[in-house]
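Hi,

Here is the structure I said I would pass on. Have a look at it first, and then read my notes below.

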Amino acid sequence: MKTRLNLATSPLEGDRRFVVGSATAGAVGVLLMLILAWHSYSAWRSNTLLAGQEQRLATDTAKLQAERRDLETFFNRPETVQRRDLAAFLNSLIAQRAFPWTRIFMDLERSLPSGARVVSVEPTLAGDHLELRFTVEAMSDEAKLQFLRVLENSSEFSQIQLLSERRSDRPGEDNPITLGLVARYSVT
């Protein structure tokens, strides 16, 4: 019988590298597992917050739509429509009272030559400036041209556009020329 006896101070086979490698691989695995768990928890938490926000937004949207339906119902009632029309009419009257009618007629009177007259004036507020749409009758081509020249040279009227021109065909009467014009009026 033979017995094996090892009298050396260190064993022939060393498992230190295996233990260090396994411990390193285990530590890296545990670290990766913790990172993955944290990422999963963060994603779950953000999804939960988003779901809560989505629920609140859906509730708010439903509430606002209900308010809108109530307001539409209120504003479409006959008595509300009457009040709204009355307010628009009163506002238009106030705007017309604030409109400088006398000044416009004085400016037109200065620019009207003999043989021309203003038939109608329609002011409109176009953006930040005042536009006048008016109809003028001239008894002759000379009066028409003189009126247009005076209007173009005026400091109160600018951007003059001739919209229409027609002559009357009535026999036995003077044949006036009717002009449709649009001009920007300077209130200053």
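This is a predicted model: local features need pLDDT of at least 70, side-chain atom pairs count only at pLDDT 80 or more; totals for chains, interfaces and linings use all residues.

The residues of H4 that are buried are Ala143, Lys144, Phe147, Leu148 and Leu151. They all lie on the same side of the helix, because the arc they cover around the axis is only 130°. In general, an α-helix has 3.6 residues a turn, so residues three or four places apart point the same way. Turn to the other side of H4 and you find Glu142, Glu152 and Asn153 exposed. As for the helix itself, H4 runs over residues 141–153, 13 residues in total, and spans 18 Å from first C-alpha to last, close to the 18 Å expected.

Next, the largest nonpolar core. It has 16 residues, and those touching the most other members are Leu132, Phe134, Phe147, Phe157 and Leu181. H3, E2, H4 and E4 each give two or more residues to this core, with E4 giving the most, at five.

Which residues is it in contact with, once neighbours within four places in sequence are left aside? The list is Asp107, Leu108, Leu132, Leu151, Ala183, Arg184 and Tyr185.

Gln159 counts as exposed, at 53% relative accessibility.

Last, the aromatics. The count comes to four aromatic pairs. One of them is Tyr41 with Trp44, a tilted pair at 6.0 Å centre to centre with 35° between the planes. The two are three residues apart in helix H1 (residues 16–75), so about one helical turn separates them. Tyr41 is partly exposed, with a relative accessible area of 41%, while Trp44 is exposed at 55%. Together with Trp38, Tyr41 and Trp44 make up one aromatic cluster.

Cheers

Definitions and conventions. Residues are numbered from 1 along each chain as its sequence is written. Side-chain values use heavy atoms; hydrogens and water are left out. Helices (H or I, at least four residues) and strands (E, at least two) are DSSP runs, numbered from the N terminus. The expected span of a helix is 1.5 Å times one less than its number of residues. Buried means under 20% relative accessible area, exposed over 50%, partly exposed in between (1.4 Å probe, protein chains only). The arc is that of the directions from the helix axis to the C-beta atoms. Rings of Phe, Tyr and Trp (its six-membered ring) pair if their centres lie within 6.5 Å; planes under 30 degrees apart count as stacked, over 60 as edge-to-face and the rest as tilted. A nonpolar core is a set of buried Ala, Val, Leu, Ile, Met, Phe, Trp, Tyr and Cys residues joined through side-chain atoms within 4.5 Å. Contact means heavy atoms within 4.5 Å.
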